[in-house]
Amino acid sequence: MLGPMRIARLACAGLALVACNRPPGCSGDFCGTLVFVSAGEPETLLPPVLQAAVARDVSDQVFLKLADLGPSTNTIGDTDFRPDLAERWEWRDSLTLVFHLDPRARWQDGQPVTASDVAFTFAAYTDPQVNSPYRTALRWITGVTAADSLTAVFHFQRRYPEMFYDAIYQMRVLPGHLLRDVPTDQWRSAAFGRAPVGDGPYRFRSWRAGESLELVADSTFFLGRPAIRRLIWRFTPDLQVAVTQLVAGEADALEVLVTPDNVKRVQATPRLATYPYRGSAYAYLGFNLTAPGNAGTPHPLFGDRDVRRALAMAVDRTRLVQSVFGNYASVPPGPMSQLWWIWDPAIRELPYDTLQAARLLAARGWGTRDRDGIRNRGGVPFRFRVLVPTTSGVRRQYARLLQDEFHRIGVDMEIDEVEFSVFSERAAAGQFDALIQTWNTDPSPSSGINQEWTTAGIGRSNFLHYSSATFDRLVEEATATFDRDNARRAWRAAIEEVNMDAPAIFLFATQNVAAVDRRVANVTVRPDSWWASVHSWRIPPDQLIARDRVER
Amino acid sequence: MNLRATLAIIGALALAFLTVEETRRRAKGSSTGRRFFGQQAASWGLFVLVFFIALALAAPWTAPYGPSTTLDIVALKNQPPSWVHPLGTDLYSRDVWSRLVYGSRVSLAVGALAMLVAVTVGSTVGAMAGYLRGGVDAVLMRVVDVGLAVPRMFLLLVAIAIWERLPLGVLVLVIGLTGWFGTSRLVRGEVLSLREREFVVAARALGAGTPRILFRHVLPNVVAPIVVSAALGIGNVMLLEAGLSFLGIGVPPPLPSWGNMIADGAPQLATAPWTTLFPGLAIGLVVMALNAVGDALLDALNPRRAAR
Amino acid sequence: MALWLVRRIAASAAIVVAVVTTMFLLLHLAPGVPFLPGVETPMDPAVVARLRAEFGLDQPLPVQYAKYVAALARGNFGESFALHRPVADALADAIPNTLVLAGTALLLDLVLGLALGVYQAVRTHRLPDIALGYGTLFLGSVPTFWLGLLSLLVFGEGLHWFPIGGVVDPVLYPTLPLGARIVDRLWHLTLPALTLGCVGAASTARYERAAVLEVLAQDYIRTARAKGLPERLVILRHALRNAVLPLVTLFGLSLPFLLTGAVLVESVFAWPGMGKLAADAIFRRDYPVVLAATLGATVMVVLGNLVADLLYAVVDPRIRVHRA
C-alpha cells in the first residue's frame with residue numbers, strides 16, 4: 001500500500017529528476033532573452049500604417065531607415081546623423097539629395113536591398129490609398145528615383161532647414177518585392193503586417209495575439225551581430241500588471257513607468273535600474289469641433305470658440321499634473337512634448353480662472369443651472385461624453401479628475417471607456433464629443449504639429465478637425481525659417497494662436513523613467529525612439545539567467 | 001473624522017444593538033422566533049444589517065465628507081488609515097469611509113431593488129405555474145429551465161453588449177430579470193402542494209376566482225420560502241454588482257458603490273491596498289450577515305428540519 | 001433507464017435550441033445590422049460580403065433564422081469585429097482553458113467542501129466547528145475577484161509562490177521537457193482555481209456538514225457504534241457514502257455559478273478563457289463574440305447537468321427504478 005510518506009518521497013525524487021535534467025543551454029556572448037512588457041499591443045507591424053508606440057518599438061528592430069539621428073538629436077542640417085542603410089550621402093544641388101546604399105544590406109529573405117526599394121517606399125508612404133499618417137511630413141519631397149541599384153535620389157520642392165531629417169526620419173525602407181502585389185487599400189489588414197520581413201538587426205519569429213511577440217537576432221546583420229539573442233514583448237491589460245510582472249522578475253524592461261508610485265516600486269527592487277530621459281509624449285483633452293459622425297456641421301457644444309476657451313480656463317492643470325505625476329511631468333505651454341526645442345514657458349496660454357470661465361459660459365447662453373448644478377441652455381443640459389482607452393490608467397485617472405473640475409463649473413462630463421482599438425477607430429471616424437489623446441512626438445515639431453493640428457492633418461491625425469488658416473500659415477513660416485531665433489519667434493506665434501483657439505486643453509508632457517534589469521549592460525534609452533539602441537545592448541556571460549540560456 | 005460623524009456612528013451601533021435586543025425579546029414569544037435566535041449567527045447578522053442600513057440612511061451625518069469630495073488631490077491622495085481618515089483616502093483624495101457609507105446606499109439599494117424585481121416576477125410565475133398547471137406550467141417551466149441554464153453573468157454581459165449604455169435604473173431591472181428563475185421553481189413547488197389543501201379547495205368550491213385564491217390564500221402561505229430566497233438573493237445581487245463594476249460595466253463614476261470602489265482601488269493594490277480592502281470587507285460582512293439571517297430564517301420557518 | 005436518458009437528452013437539446021433562438025432575437029433587437037460592425041470597427045469588404053451571404057442578412061426573418069441555425073450547426077459563429085478572425089476560432093482557443101479552470105475549481109470545491117463538512121460534523125459545536133463555520137461563511141460571502149486580487153498580491157507578488165497570471169510561462173514553456181511543462185501549467189493554475197473553487201467549497205462545506213449530521217443521527221449509525229465499530233470506520237464506511245450523494249446534486253447546481261465566477265476570475269488572472277473573452281469583447285464592442293461565448297457557456301452547463309443526472313442515476317439505485 002502506498003502510504004503518504006512513500007508518495008512524498010517519490011514526488012520529491014521526480015521533481016529532482018525534472019530539475020536536474022535541464023540542459024545547460026546557451027553560453028557566451030550572444031545569448032540572452034530580453035522580455036519587454038507593454039500595456040498595449042501592436043495593431044500591425046507595417047511601418048507606414050502603424051500608430052501604436054509599441055508597434056514602432058518592434059518595427060524599429062526589424063526595419064532600417066536610410067540614416068538615423070545622432071546622440072545630439074539635432075534635426076537641422078545633415079551633419080548630426082549616422083549612417084544606417086545608406087553608407088554615405090551628398091547634395092547634388094540645393095534641392096537634390098543623393099544616398100548611396102550600403103552594398104552589404106540584405107532583406108531577411110536573402111534579397112539585396114536596392115534603391116528601387118527606397119523609391120517604392122516613398123511611393124507607399126505618400127500613396128493616398130495607404131493613407132499613412134506620416135504622409136504630411138514628406139510633402140516637400142517631390143519624388144524619389146533610383147539612379148542605379150545602390151543610389152537613391154531625393155528631389156525637393158524648396159529649401160528649408162530640416163530637409164535631410166524629413167528625407168530619412170519617417171520612412172522605414174520596405175521590401176518592394178514582397179509588398180508590390182498587396183493592394184494599397186488593404187495595407188492596414190495585410191498579412192505582412194503580422195509577419196514582417198525586414199533588413200534590421202532582428203527578424204520576426206512569432207506573434208501570439210493577446211499574449212506575446214518574439215523577435216530573434218539576425219546573426220548576419222551587416223552592421224554587426226546583436227549581442228542579445230531574443231527579444232520578447234509581453235502584452236498586459238494595463239500598466240499596473242506590467243509593473244507587477246517587472247518587479248516579480250517575469251519581465252526585464254519597461255519603457256515608461258509613468259507614475260511616482262511605480263518608480264518607487266521599481267527603485268525598491270534591487271535587480272532593476274531606472275533610466276530617466278526627456279519625455280517625448282504629451283496629452284490633451286481634445287474637443288471634436290464637428291458633430292460626431294457628421295463632419296460637415298459644427299459640434300453643438302464645441303463649435304463655439306468661447307465655450308472651449310471657458311472649459312480650458314476651468315481646469316487647474318498644474319494641480320492635476322502634480323496629483324497624477326508628481327515630478328514626472330509638467331504642463332506644456334501648448335501642443336508640445338519636453339523633447340522639442342520650441343518649449344518656452346513664456347508662451348502665452350489661457351490662464352486658470354474659473355470666474356472668467358463662468359462668465360464666458362453665461363455670456364454664451366449657459367447661465368442657468370438646474371437642480372443638480374448643471375448648466376443648461378433652453379432646457380438642454382451641458383452634457384458631453386469623453387472617450388478614453390481602457391489601457392491607459394493615467395488617462396482614466398485624468399478623466400475622473402476632469403469630471404470633477406468640470407462639475408464645479410456646472411458642466412457634466414460622462415466617461416466612455418473603450419478598448420484601445422475601438423478608441424483609435426472612433427477617434428479616426430470622428431465618433432466622439434471629446435477624447436483624451438496622448439501623442440509620442442518626433443524630435444522635431446514640424447512633422448508632429450503638421451500631422452495633428454493643421455488642416456492637412458484632417459483625415460489623418462487631426463481627429464478634432466481643427467482648421468485655422470492663420471495657424472497653418474504660421475506653421476509653414478516657422479518650418480521654412482532657417483535662422484534659429486526667427487524660427488523660435490515664428491513657432492511661438494503659431495503655438496499662441498492654437499492656445500487661444502483652444503481646440504484642446506493641453507494637460508501634461510511627460511518626463512519619462514524606464515526600468516531595465518541590471519544584468520543588461522550598455523543600456524541607453526533614446527528619448528524619441530526608446531529601444532532604438534537595443535541591438536548594441538549586451539548581457540555579460542557571467543550574468544546569464546535561466547531564460548537567457550534558452551537556445552531554441 | 002469629526003465629532004458629529006463619530007457620534008452618528010455610535011448612534012447607529014446603539015440603534016442596531018437595541019433593535020436586536022428588542023426583536024429578540026419579542027421573538028421569545030413564538031416558537032419561530034425562538035428557533036430563529038437559537039442560531040448564534042442570527043443575532044450577529046441582524047446586528048450587522050441594521051447597523052449598515054442605519055449608516056446608509058444617516059449618510060450625511062455618519063459620513064464626515066461627501067462621496068465625491070476631493071480634499072487635496074496633491075497632498076492627500078492615497079493616504080493610509082489615520083485618525084482623521086480612519087479608512088484612508090483613495091487615488092483622488094476622497095475619504096474612503098465616507099465613500100463606503102454613501103456606497104452602502106447604492107449597493108444596498110441596488111441589491112434590494114433588484115431582488116424585489118426578481119422575487120416579484122419569480123413568485124408570480126411560480127404561483128401561476130404551480131396553481132394553473134397543465135400547458136401554462138409546462139411553458140413557464142421550460143422558460144425557467146433556459147434561464148437556469150445560462151450563467152447569470154453571461155446573460156448580463158449580453159444585455160450590456162446589446163444596449164451599449166444602460167442607465168443605472170435599467171441595469172437594476174436587468175439584474176433582477178436575470179435572477180428570478182430559482183425563486184419561481186421554489187414557489188411552484190410550494191404552491192403545488194398547497195393547492196390540494198382543504199382551505200384552497202373550499203375557496204374554489206365557494207366560487208372564488210383564481211387571482212383571488214392566489215393572492216388571498218396561496219401566496220401568504222408561501223411567504224416563508226420567498227423571504228428566505230429574498231435574503232439570500234440580495235447578497236447574490238450585491239456580489240454581482242461588485243463584479244460588474246469591477247469589469248467597468250456597473251455603477252458609473254462618480255457615484256460610489258462598493259463594487260466600483262474595488263475597481264478604482266485595484267490598480268493601486270500594491271501601494272494603497274486599503275482602497276480595495278475595505279469595500280471588499282464591507283461586502284463580505286453584509287453578505288455574510290444576509291446569509292446568516294437567511295439560514296436562520298430557513299431553520300425558523302421550517303420546523304421539519306432535523307435539529308442541529 | 002434508456003428511455004429516461006433519451007428524454008433527458010431531448011430536454012437538454014430543447015434548452016440549447018431555445019437559447020439559440022433567444023440569441024438570434026436579441027441580435028436583431030440590437031441597434032445596427034446584426035453580424036456587421038458599426039463604423040468604428042471597419043471590416044474587410046470581402047468578409048462583409050461573405051457574412052451577408054452566409055447569414056442571409058438582406059432576407060426575411062424566418063430565412064435568416066434558418067440560415068443562422070444552419071451556420072451554428074456547421075460551427076460558424078460569424079466574424080469577430082475586433083480580433084479579425086472567425087468567432088469560432090477564438091472560442092476554440094478559449095474553451096479548453098475555461099474547462100481546465102472550471103473543472104479544477106469544481107474538483108477543489110467538492111473535495112475541500114466534503115472534507116471540511118465532514119470534519120465540522122464530527123467536531124460539531126466545538127471550537128474547530130465554530131471557527132470553520134464562520135470562516136466558510138466569510139469566504140462564501142466575499143467577492144471572488146476581490147479574493148483573487150488579494151491572493152495575487154500576497155502569494156504572487158509578495159511571497160513569489162505563484163506567477164502573476166497567464167497559463168504558461170511565455171518565455172520558458174516551449175523549451176521545457178514534458179514533466180516540467182505539466183508542473184508549469186499546474187503552477188499557473190493553482191491560484192485561479194483555488195480562488196474560483198474556494199467560494200463554492202464554502203457553501204459545499206456547510207451543506208455537507210448538515211447532511212453528515214443528519215446521517216449521524218440515524219439509527220443504523222447508533223447500531224454500528226453499539227456493535228463496537230471504531231469511530232473512524234463508522235464515519236468512513238457509513239456516513240461518507242451517504243454524504244457523497246448530495247455532491248452530485250451540488251455538482252449540477254454549481255456549474256452556472258462557477259461559470260459566472262469564471263468571468264471575473266479569468267479577468268483578474270489574465271486567464272484566456274471564455275469568461276475573459278466575453279468580458280474583453282464588451283470593451284471592444286464585439287458582440288458576436290459575447291453571444292457565442294454565452295452559447296458556449298450554456299452548452300457547458302447543460303452537458304454538465306446531463307452528466308450529473310447520469311451520475312445520480314448510477315449512484316442512487318432508487319432513481320433508476322423510479323425514472324424508468
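Here is a short tour of the cavities inside this predicted model.

Before you click, note that residues count from 1 along each chain as its sequence is written, with chains lettered from A in the order in which they are written. Local features in this predicted model need pLDDT of at least 70, while totals for linings use all residues.

A cavity is a set of points, on a 1 Å grid over the protein atoms alone, where a 1.4 Å probe fits but cannot get out; lining residues have an atom within 4 Å of a point. Points join across faces, edges and corners, and the volume is the space filled by probe spheres set on them. There are seven cavities of 30 Å³ or more.

**Stop one.** Select I76(A), P161(A), E162(A), W341(A) and A478(A): among the 15 lining residues of the largest cavity, these lie nearest its centre. The space there is about 120 Å³. Now colour α13 (445–453), α14 (469–480) and α15 (484–501) of chain A, which each supply at least two lining residues. Which helix gives the most? That's α15(A), with three residues. (Helices are DSSP runs of H or I, at least four residues; strands are runs of E, at least two.)

**Stop two.** Next, select A312(A), R317(A), E349(A), L350(A), N499(A), A502(A), A504(A), I505(A) and F506(A), which line the second largest cavity. About 100 Å³ of space lies inside. Finish on strand β22 (residues 504–517) of chain A, which gives the most to this lining, with three residues.

Definitions and conventions. Predicted model: local features only at pLDDT ≥ 70, side-chain atom pairs only at ≥ 80, totals over all residues. Heavy atoms only, no water. 1 Å grid on protein atoms, 1.4 Å probe; cavity = no way out; pocket = protein on both sides within 12 Å on 5 of 7 lines; lining within 4 Å.
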